[in-house]
Amino acid sequence: MSALNDTADPPLAGLPSASPRPGWTVPLHVLIGSLVVVCMLALAVLLMWQGWQAARGALLSAAQDSARDMGVIINEKTRRVLGPAEASLRQLSLDPVGHATTLEQRLERLPALTEVLVHVPLVSSVFVGYDNGEFILVRPLEKADIRQRFGAPPKANFLVQAVTFDERRQPRGRWLFYTANLVPLADQPRPDYVFDPRTRPWYDGARRSGQQSLTDPYVFFTSQQVGVTLSQPSQVGGAVLGLDVALSDLSTEIADLRRTPHSEIAVVDQRDQVLAYTDLDRALVREGQAVRLQTLSGLGVAGLLGLRATGAGMDEPVAYHVNDQEWFGVRMALDSLPGRTMQIMVAVPDSDLLGDMRASLQRQAWWALLLVVALLPLGWLAGRQVGLSLARLTRQAQQLTRFDFDQRQAAHSRVREVKELDAVFGNMCLTIQNFLRTTEVISHEPKLDLMLQGVLQKLVETTQCESGAVYLLDEASGELVVAAVSSTQLLQDAEARLPQRLPAGGTEPCQHTAGRLALHLMGRQQQVLGLLVLNHAVDDEHESEDFRAFAVKLSGALAVSVETRHLFEAQQRLLDAVIQLLADAIDAKSPYTGGHCERVPELAEMLIDQLCAERQGPYGSFQMNEVQRYEFRLGAWLHDCGKVTSPEHIIDKATKLETIYNRIHEIRTRFEVLWRDAQIEHLQRLADGEDPVTLDAWLAQRQQTLQDDHAFVAACNLGAESMADADLLRLAAIGSQTWWRHFDNRLGISSEEQRRLEGQAPQPLPAREALLSDRPEHLVPWGQRRPPVEAGDPANRWGFNMKLPAVAQHLGELHNLSIQRGTLTNEDRFKINDHIVQTLIMLRSLPWPSHLARVPDIAATHHEKLDGTGYPRGLGADQLTLADRVMALADVFEALTASDRPYKTPKTLTESLRLMALMARGQHLDAHLLRYFLRSRLWESFARKYMLPSQIDAVDIPAIEALMGLPADEVSEAERAAIEDASA
């Protein structure tokens with residue numbers, strides 16, 4: 001650092017102050033009074049003269065800049081109009097309509113022609129001219145005057161004007177009207193419609209050039225809009241295709257670009273025709289039914305005519321007079337129409353720009369004089385007062401050079417006394433501001449790298465060091481790796497003085513050598529976190545103990561902040577790992593839901609990220625910051641954490657009689673008993689002398705009946721198909737059969753089973769029992785484990801609104817076998833649904849910080865429905881946030897498309913999205929969000945990653961969207977079952 005002198009920077013903040021610099025000085029009160037008078041007078045005169053000259057000089061510059069800006073805007077506007085039209089015309093040149101020989105063949109290509117009109121709004125018509133003189137034109141019928149002109153039917157959206165030739169080569173004109181869906185409405189013969197495209201300039205231009213051709217701008221007869229015609233020969237036939245492109249927006253554009261009320265702006269072509277003017281009606285000349293473009297002379301605008309008369313070149317601003325009025329004008333060339341010369345003319349009267357400038361200059365002169373007179377005594381008194389107090393303030397301010405920040409700041413001045421304070425207070429201000437900003441960066445910047453960079457930059461500025469670096473310990477390599485670098489000047493040896501890596505050991509906690517201060521960043525446990533290096537000039541200020549002590553204090557605050565960030569990041573990684581571990585454990589608990597807890601969060605986050613990226617449409621205002629996204633991510637990963645409490649034998653219940661094991665084996669044993677009983681009865685009756693033939697027939701019939709009944713009961717146990725009322729009657733009849741039990745059913749049972757048998761008298765043996773039955777001991781009461789889910793339950797602190805079954809579990813054989821759809825009883829289904837109850841209870845019991853307070857609600861709301869019939873709280877649409885609706889959609893889509901569940905056949909994309917559309921129809925899912933999901937095609941990337949190739953089929957999105965309007969009674973029973981399973 002150079003020595004301090006008259007031209008050097010002020011002394012370092014917090015370093016001992018140098019003596020006042022030598023130089024000329026004057027008494028303060030004399031200097032202030034004199035300078036006030038002289039400066040105010042000079043400033044007033046200078047400002048008035050400069051303001052007048054600058055105003056006049058700015059006129060030409062403003063006109064030129066305005067014209068240049070207008071030219072750029074209009075060029076870009078015209079290119080945006082012509083670009084899509086040119087691209088569409090090139091595409092049409094490949095269409096089969098170019099070699100169609102009959103009107104019917106041409107009408108078959110009508111969708112391709114109307115597609116251009118729909119997607120390129122400024123194209124007013126699409127037409128094809130053939131080399132035999134036939135012609136077809138398609139125009140939209142959106143405007144009322146166009147519809148009236150052509151006598152369009154009420155529902156007509158498109159008009160086809162066609163000219164063909166009959167066998168005698170006589171032209172036949174026809175008008176055909178179509179709806180928006182190209183349904184024909186009317187076919188009107190028009191003998192008066194005779195048109196030969198081969199005579200038109202657009203046809204001739206395209207034929208001669210062999211490529212796209214552009215006509216001069218003109219007024220379209222039908223729409224009376226200013227526009228051009230694009231034409232191009234067909235690449236598949238002998239026809240020429242053309243588009244009429246409207247340029248009507250140019251007049252509106254230049255009207256919006258007027259800078260002053262009386263500015264005149266026009267766009268003219270090489271024939272002096274006015275293509276655009278602020279008042280479009282004046283730019284058009286109506287001659288009966290015909291309309292043509294007005295010429296600049298016919299427009300009669302004095303300012304524009306005067307500009308043309310000057311003969312000034314392009315981009316050359318010019319001042320001229322018209323009718324004793326001074327004008328400023330400029331012309332700019334426009335090149336947006338290839339091969340066409342256009343220019344924009346801008347003329348502004350000087351009265352618009354100067355306005356009341358002359359009167360304002362007079363008022364400024366009087367005010368300046370009054371201000372000089374008023375400030376003269378004030379400056380004299382203030383100078384005397386300040387001069388007397390500066391000596392005392394200087395002595396107090398010198399304390400700041402010893403890093404004592406309990407003082408306030410003084411202002412810079414050329415006065416001798418104030419000059420002594422200038423260096424002190426200036427550096428003091430810098431020190432305090434940088435210190436406060438350093439504290440603010442440490443406190444508020446969440447990202448460690450940005451925090452280190454900001455703190456280091458302020459530290460280097462405060463201490464006026466040349467450069468600095470912060471190194472952090474890399475635990476993997478054991479080295480100190482640079483994390484932030486700051487340099488106040490370009491040093492040729494910067495790379496050598498600030499290396500990228502340093503050894504972790506071998507340096508003292510505070511090492512101060514010539515030109516460098518190295519400080520260890522120590523944690524609360526005295527572990528090394530990193531190293532702060534400051535490169536400074538070799539001078540007394542930077543070598544002092546005060547400077548070293550100041551740097552040590554700042555490095556301590558930086559070390560604490562680094563350690564805090566490391567602890568926070570470690571805790572966050574631990575929390576994420578624990579949550580993912582819990583989700584993996586839930587997936588591993590049941591083979592039927594393997595991977596569900598991983599795939600649902602991934603799909604939900606994909607959809608949330610897509611929604612946050614929207615900038616328009618219904619979700620254009622939806623945003624989530626990083627904290628909210630992390631909150632949503634945790635809620636998504638924990639959405640099924642309550643399943644750790646769900647009994648596996650219910651989650652995995654593949655048959656109706658399954659509990660811990662499949663009780664169909666008990667039923668089969670009873671059939672075996674009845675089989676033996678039939679054989680015993682057969683033998684007894686033979687011994688009694690009955691006819692053997694009759695008895696053999698009876699035994700065969702009885703055994704066949706038992707086989708049939710057992711097969712029927714076993715089929716009922718599977719739950720693959722819905723059970724009809726006749727099946728239930730047959731099941732009851734089979735179950736009413738009896739068998740003899742000879743052993744005590746109270747031996748070898750658990751205490752829980754003993755409690756359920758209390759109050760029932762033991763049956764004397766042998767006891768006759770029904771083959772299938774619902775006995776009292778099959779009812780498992782709630783006892784002390786009654787869930788608080790009912791709305792009126794005083795223990796319900798979470799707002800649950802669910803219907804609680806009368807018993808915790810119903811093991812009755814007939815009760816389970818009579819399940820009409822699936823394998824779950826109402827009690828079983830409640831047990832499964834209870835996982836979301838446990839999710840909310842478990843997560844609400846955790847001490848979530850305020851920024852993660854919605855994690856329990858996000859995790860426990862994905863089974864709610866918009867119509868309020870969901871669970872566990874029965875929330876309605878007005879209570880469900882967009883995040884809740886995203887979670888519900890992701891959960892249902894994954895459940896429908898999962899291919900790792902052995903109890904169901906994987907559904908295809910079309911089947912899954914169809915069921916989701918029906919669920920949206922039933923207010924189970926958000927229909928708007930489902931439409932967005934369909935059109936975003938996020939399901940495609942998810943399917944490619946997680947679904948089987950056999951599941952990925954072609955999805956007809958419009959057809960799926962149409963299903964949202966399907967009446968409820970048209971949903972099949974199988975679809976209802978699939979929807980119910982997905983909702984659970």
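These legends go with several close-up views of side-chain contacts in a predicted model. Residues are numbered from 1 along each chain as its sequence is written, and side-chain values use heavy atoms, with hydrogens and water left out. Because the model is predicted, local features need pLDDT of at least 70 and side-chain atom pairs count only at pLDDT 80 or more, while totals for chains, interfaces and linings use all residues.

**View A. Arginine 844 and aspartate 857 meet in a salt bridge.** The N to O distance here is 2.9 Å; a salt bridge needs a side-chain nitrogen of Lys or Arg within 4 Å of a carboxyl oxygen of Asp or Glu. Arginine 844 sits in helix α23 (residues 826-844) and aspartate 857 in helix α24 (residues 855-859), so the pair ties together parts 13 residues apart in sequence. Helices (H or I, at least four residues) and strands (E, at least two) are DSSP runs, numbered from the N terminus. Arginine 844 is partly exposed at 36% relative accessible area, whereas aspartate 857 is buried at 18%. Buried means under 20%, exposed over 50%, and partly exposed in between (1.4 Å probe, protein chains only).

**View B. Arginine 885 pairs up with aspartate 926 in a salt bridge.** Again it's 2.9 Å from N to O. Arginine 885 belongs to helix α25 (residues 882-897) and aspartate 926 to the loop between α26 (909-921) and α27 (927-936), so this pair ties together parts 41 residues apart in sequence. Aspartate 926 is buried, with a relative accessible area of 11%.

**View C. Arginine 775 forms a salt bridge with glutamate 777.** The closest N and O atoms are 2.7 Å apart. Arginine 775 counts as partly exposed at 25% relative accessibility, and glutamate 777 as buried at 13%. The structure holds 27 salt bridges.

**View D. Tryptophan 175 and tyrosine 193 are one of 12 aromatic pairs.** Their ring centres are 6.2 Å apart and their planes at 70 degrees, so the pair is edge-to-face. Tryptophan 175 is in strand β4 (residues 171-178), and tyrosine 193 is 18 residues away, in the loop between β5 (184-189) and α5 (201-209). Rings of Phe, Tyr and Trp (its six-membered ring) pair if their centres lie within 6.5 Å; planes under 30 degrees apart count as stacked, over 60 as edge-to-face and the rest as tilted. Both tryptophan 175 and tyrosine 193 are buried.

**View E. Arginine 190 lies over the face of tryptophan 175.** It's 3.8 Å from the ring centre; the cut-offs are NZ of Lys or CZ of Arg within 6 Å of the centre and within 35 degrees of the ring normal.
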